[in-house]
Amino acid sequence: MGKVTNFPKDTGVNPWFETAVNKDRTYTDLSELQDSYDYVIVGAGFGGVMAAYELSKNDPKARIAIFDALKVGTFSSGRNAGFLHISQVSASLVGFDKFTLEDQKELCKLNGIVIRRIDEIVKAKAPEIDFRWDGMYHAVREARNVKALNALASEFDRMGVKYEMFGHEEMTKRLGTDFYTQGLYTADCVLDNPAELIRALAGALPENVSVFEHSVITEVKEGKTPSVILKGGREIKASKIILTVNAFIKNFGFKGQEISDVSAIQSFGAMTRELTDEEMKIFEGVQPWGITATHPAGATVRYTARRRVFVRTDIAYASEKRLNIPEQRFEQAKPLLRNAFVKRFPTLKDVPFEYTYGGLIAFTGNTNPLFGQIAENVYAGTTSDGSGVSRASILGTYLADLIQGVDSPELDYIIKHYHPNYLPPEILRTPGAHAALWWKNVKAGSEL
Ligand SMILES: Cc1cc2nc3c(=O)[nH]c(=O)nc-3n(C[C@H](O)[C@H](O)[C@H](O)COP(=O)(O)OP(=O)(O)OC[C@H]3O[C@@H](n4cnc5c(N)ncnc54)[C@H](O)[C@@H]3O)c2cc1C
């Protein structure tokens with residue numbers, strides 16, 4: 001039996017949700033809540049929503065309910081930087097696990113499967129949302145980070161991934177800022193408004209799926225007929241339960257080494273108001289773009305299709321008991337966000353941020369996710385690095401297949417490889433992680 005001991009909470013104001021065209025749409029009314037379903041999913045992020053699509057595809061008559069403590073699109077799936085990229089390279093963060101060429105190709109293949117599926121749903125059901133195949137840049141400013149950019153290029157060569165490399169002059173022309181000295185561009189990346197996207201996907205689910213917002217789950221009971229208890233005490237039974245609750249899986253009362261090997265960090269974001277025609281002059285002839293820094297602690301920046309600039313920077317360790325961001329830590333991030341913006345766009349130094357916020361990212365030491373059964377008829381999927389949108393979508397999709405007995409080579413691969421490596425207990429992990437993050441920030445220099 002899992003009693004939940006900690007619940008997700010918003011930090012700051014999420015710009016993606018506030019500016020989403022579908023911000024005011026509603027989902028299933030609580031008056032329609034049944035006492036039992038075939039499948040109950042807790043967590044309406046990409047993990048939960050994509051699980052529901054697959055469960056429903058495999059069994060169109062199944063009755064499925066998704067519960068989320070918050071409004072859809074307000075937690076991590078709606079507050080990320082909006083990069084949905086196929087070509088990714090995995091590298092262990094802690095320990096010596098090595099990824100083979102086959103592993104790297106498999107991740108890109110799985111990313112491709114779920115991202116193309118999302119693309120099809122968007123084209124068919126929500127073409128109006130901000131979802132564009134703009135591609136992305138991995139970029140550097142400091143000469144000492146060029147080596148890492150070249151290493152990424154070599155890995156892409158080995159994997160057969162197409163990319164273009166640009167120097168300072170071309171980067172400046174493409175971005176409207178001369179901050180970056182070199183960049184590597186891949187075209188197979190969507191840039192989106194993540195809150196708009198997850199709200200659209202949840203809204204386009206087939207009729208056999210009900211989505212209940214503001215529905216906090218306080219307990220999960222395993223067993224032959226497992227159930228969840230809603231805040232207020234109502235019990236909802238199911239034949240199987242899927243938990244796609246991000247790092248909160250650590251607070252659901254289930255035990256297991258792989259659950260304790262899940263860790264989490266927090267990061268922070270800010271978005272300007274819409275730029276005026278005068279301010280937009282620096283972006284004349286520039287297409288909307290997204291950049292992630294090649295240095296792991298560097299800032300992520302976007303010039304959006306809606307005339308705004310978005311910045312994400314600063315990373316904090318989130319221990320098991322501190323998954324929600326303390327107010328004081330959020331305050332600490334604000335000047336760093338401002339600094340990251342101003343040094344990239346000095347001519348826009350007087351443009352204020354309209355929104356500033358923080359969010360949670362689950363990670364594991366070897367960047368392999370938690371996937372599979374955690375108790376009788378209870379299953380869980382938790383992401384494992386900063387590229388969590390496609391990963392959560394993979395976890396949801398293949399948890400559904402696992403539960404419904406739909407075999408595939410992809411599922412076989414996932415069952416074999418998706419196991420987090422050992423991380424020391426929290427008492428040692430917390431100081432270790434603080435020290436490692438502090439050192440990474442120091443080394444990032446002006447890339448922050
Ligand atoms: C600032 C930031 C930038 C990021 N940028 C990117 C990016 O550009 N690209 C990318 O791929 N990834 C990015 N990520 C990571 C990505 O957002 C996450 O890894 C991904 O959204 C995780 O999806 P999920 O479905 O597993 O979890 P979530 O989206 O967190 O969904 C879990 C849900 O569970 C619900 N829940 C938890 N406990 C309970 C409970 N007791 N009862 C009911 N509901 C509950 C929560 O409310 C939440 O909605 C970023 C994350 C952050 C914070």
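This is a predicted model: local features need pLDDT of at least 70, side-chain atom pairs count only at pLDDT 80 or more; totals for chains, interfaces and linings use all residues.
Reader: Which residues of helix 6 are buried, and what do they pack against?

Author: They are P194, A195, E196, L197, I198, R199, A200, L201 and A202. The list includes E196 and R199. These buried residues pack against helix 1 (15-18), helix 2 and helix 3, and also against strand 6 (131-132), strand 10 (189-192) and strand 11 (209-212).

Reader: How is the packing of two helices described?

Author: Two numbers are used: the angle between the axes of the helices and the distance between those axes. Take helix 3 (residues 101-125) and helix 9, which pack at an angle of about 90° with their axes 9 Å apart. Angles of 65 to 115 degrees count as roughly perpendicular. Helix 3 and helix 9 are therefore roughly perpendicular to each other.

Reader: Which residues of helix 3 and helix 9 make the contact?

Author: Helix 3 contributes L110, N111, V114, I115 and I118, while helix 9 contributes S390, S393, I394 and T397. By class, the contact of helix 3 with helix 9 has 5 nonpolar, 4 polar and no charged residues. As background, an α-helix has 3.6 residues a turn, so residues three or four places apart point the same way.

Reader: At what angle do helix 9 and helix 10 (residues 409-417) pack?

Author: The angle is about 100°, and the axes of helix 9 and helix 10 are 10 Å apart. That makes helix 9 roughly perpendicular to helix 10. Y398, D401 and L402 of helix 9 meet E410, L411 and I414 of helix 10. This contact of helix 9 with helix 10 divides into 4 nonpolar, no polar and 2 charged residues.

Reader: Which residues of the largest nonpolar core touch the most other members?

Author: A nonpolar core is a set of buried nonpolar residues joined through their C-beta atoms. The largest one has 120 residues, and V40, V49, A52, L243 and L399 touch the most other members. Helix 9 supplies the largest share of this core, 9 residues. L399 touches A51, I242, F371, Y379 and G381, leaving out residues up to four places away in sequence.

Reader: Which residues come nearest to the ligand?

Author: There are 41 residues around the ligand, and G43, G45, N80, G359 and G388 come nearest. Helix 2 (46-58), strand 16 (263-272), strand 20 (353-363) and helix 9 (388-404) each supply at least two residues of the shell around the ligand. The largest share, 4 residues, comes from helix 9. Sorted by class, the shell holds 20 nonpolar, 18 polar and 3 charged residues.

Reader: Is A264 buried or exposed?

Author: The count of C-beta neighbours decides it: A264 has 24 inside 10 Å and therefore counts as buried. A264 is in strand 16. Beyond its neighbours within four places in sequence, A264 is in contact with A247, A318, L323, L360, I361, A362 and F363.

Reader: Where is E274, and how many C-beta neighbours does E274 have inside 10 Å?

Author: E274 is in the loop between strand 16 and strand 17 (289-293). E274 has 14 C-beta neighbours inside 10 Å, so this residue counts as partly exposed. Setting aside residues up to four places away in sequence, E274 touches R306, R307 and R308. E274 and P352 are 78 residues apart in sequence and 9.9 Å apart in space, C-alpha to C-alpha.

Reader: What is the phi of T367, and where does T367 lie?

Author: T367 has a positive phi of about 60° although T367 is not a glycine. T367 lies in the loop between strand 20 and strand 21 (370-375). With 23 C-beta neighbours inside 10 Å, T367 counts as buried.

Conventions. Residues are numbered from 1 along each chain as its sequence is written. A residue is near a molecule or strand if its C-beta atom, placed from the backbone, lies within 6 Å of it. Ala, Val, Leu, Ile, Met, Phe, Trp, Tyr, Cys and Pro count as nonpolar, Asp, Glu, Lys and Arg as charged, and the others, Gly among them, as polar. A nonpolar core is a set of buried Ala, Val, Leu, Ile, Met, Phe, Trp, Tyr and Cys residues joined through C-beta atoms within 7 Å. A residue is buried if 20 or more other C-beta atoms lie within 10 Å of its own, exposed if 12 or fewer, and partly exposed in between; C-beta atoms are placed from the backbone. Two residues are in contact if their C-beta atoms, placed from the backbone, lie within 7 Å. Axes are lines fitted to C-alpha atoms, for helices over the stretch in contact, and angles run from 0 to 180 degrees between N-to-C directions. Angles under 35 degrees count as roughly parallel, over 145 as roughly antiparallel, 65 to 115 as roughly perpendicular and the rest as oblique.
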